[in-house]
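The sequence and the structure are shown first.

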Amino acid sequence: EDSRWPGRGLPAKLRITMRRPGLASLLLALLVLIAPGLRAADPRPNLILILMDDLGATDLGCYGSGFYRTPRLDRMAGEGMRFTQAYAACPVCSPTRASILTGQHPARLHLTDWLPGRPDRAEQKLRRPVIANDLPRGVPTLAEALKGAGYATAHIGKWHVGGAEARPQDRGFDLNIGGDHRGTPASYFAPYGRGTNVMPGLEQAPAGEYLTDRLTAE
């Protein structure tokens with residue numbers, strides 16, 4: 001833990017949850033967790049977790065980049081907590097998200113590749129493991145733990161750890177904007193899909209709207 005923020009102000013139940021192995025190395029999804037109507041007497045901090053696919057270890061200014069300029073994120077790092085010994089649980093997206101959400105290793109979740117994965121190929125020396133196509137039911141998530149501690153929760157952006165009955169709203173999030181089974185958005189400009197294929201929460205987007213701007217605003 002960073003000595004500037006040793007877990008003060010978090011409810012005891014949530015403090016214990018976040019200290020479990022795995023949750024301590026939370027890296028980030030466009031995953032936003034918001035405590036509603038915070039009063040001066042309410043000690044719970046707002047929590048914002050940001051996950052970027054393929055972000056390198058030194059791609060932010062606060063982690064040593066001399067090429068990319070990231071002043072807003074650098075400021076957040078300076079005012080909050082910065083991990084310097086944290087690693088992604090997997091080099092691809094779906095297992096990483098599943099691990100962040102549950103605090104468990106991808107292998108324990110049987111979700112070790114981006115969904116839906118791919119079949120075996122002739123050049124492989126070993127067979128690929130059979131993977132789950134959804135975040136397993138019955139495994140507690142970070143969002144559910146936060147809801148239990150009185151937080152309102154929202155997921156914004158890429159989900160890609162299941163569909164049908166494994167959507168963000170099925171795993172503890174009160175609000176879901178843009179998150180579904182897809183690993184790539186239906187479109188980066190509105191309309192974001194057609195008919196029943198429109199990305200959730202973006203059905204009324206004005207024509208021509210840019211997805212990145214919309215998700216940032218949300």
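## Surface and interior of the chain

Tyr188 counts as partly exposed, because its relative accessibility is 44%; the class lies between buried (under 20% relative accessible area) and exposed (over 50%), with a 1.4 Å probe and protein chains only. The model is predicted: local features need pLDDT of at least 70 and side-chain atom pairs count only at pLDDT 80 or more, whereas totals for chains, interfaces and linings use all residues. Residues are numbered from 1 along each chain as its sequence is written, and side-chain values use heavy atoms, with hydrogens and water left out.

Tyr188 sits in the loop between strand E4 (175–177) and helix H6 (211–217). Together with Phe189 and Tyr210, Tyr188 forms a nonpolar surface patch with about 320 Å² of accessible area. The chain exposes about 13,100 Å², of which carbon and sulfur atoms supply 55%; areas come from the Shrake-Rupley method with a 1.4 Å probe.

The chain has six helices and four strands, in the order α-β-β-α-α-α-α-β-β-α. Of the 218 residues, 39% are buried. Of the contacts (heavy atoms within 4.5 Å) between residues at least 6 apart in sequence, 43% join residues at least 24 apart.

Helix H3 (residues 93–102) is largely enclosed by the rest of the structure, because ten of its ten residues are buried. Among them are Cys93, Arg97 and Ile100. Thr102, also in H3, is buried at 11% relative accessibility, and a polar atom of its side chain lies 2.8 Å from the backbone oxygen of Ala98. After H3 comes Gly103, with a positive phi near 75°.

There are three aromatic pairs in the structure. One of them, Phe67 with Tyr68, is edge-to-face, with 5.0 Å between the centres and 90° between the planes; rings pair if their centres lie within 6.5 Å, and planes over 60 degrees apart count as edge-to-face. The table gives the accessibility of both partners.

| Residue | Relative accessibility | Class |
|---|---|---|
| Phe67 | 66% | exposed |
| Tyr68 | 44% | partly exposed |

Conventions
Helices (H or I, at least four residues) and strands (E, at least two) are DSSP runs, numbered from the N terminus. Patches are made of residues with over 30% relative accessible area and no salt bridge: like charges are joined within 9 Å, nonpolar side chains (Val, Leu, Ile, Met, Phe, Trp, Tyr) within 5 Å. A salt bridge is a side-chain nitrogen of Lys or Arg within 4 Å of a carboxyl oxygen of Asp or Glu. A polar contact is a pair of N or O atoms within 3.5 Å; within protein, one must be able to donate a hydrogen and the other to accept it, and residues adjacent in sequence count only if both atoms are side-chain atoms. Rings of Phe, Tyr and Trp (its six-membered ring) pair if their centres lie within 6.5 Å; planes under 30 degrees apart count as stacked, over 60 as edge-to-face and the rest as tilted.
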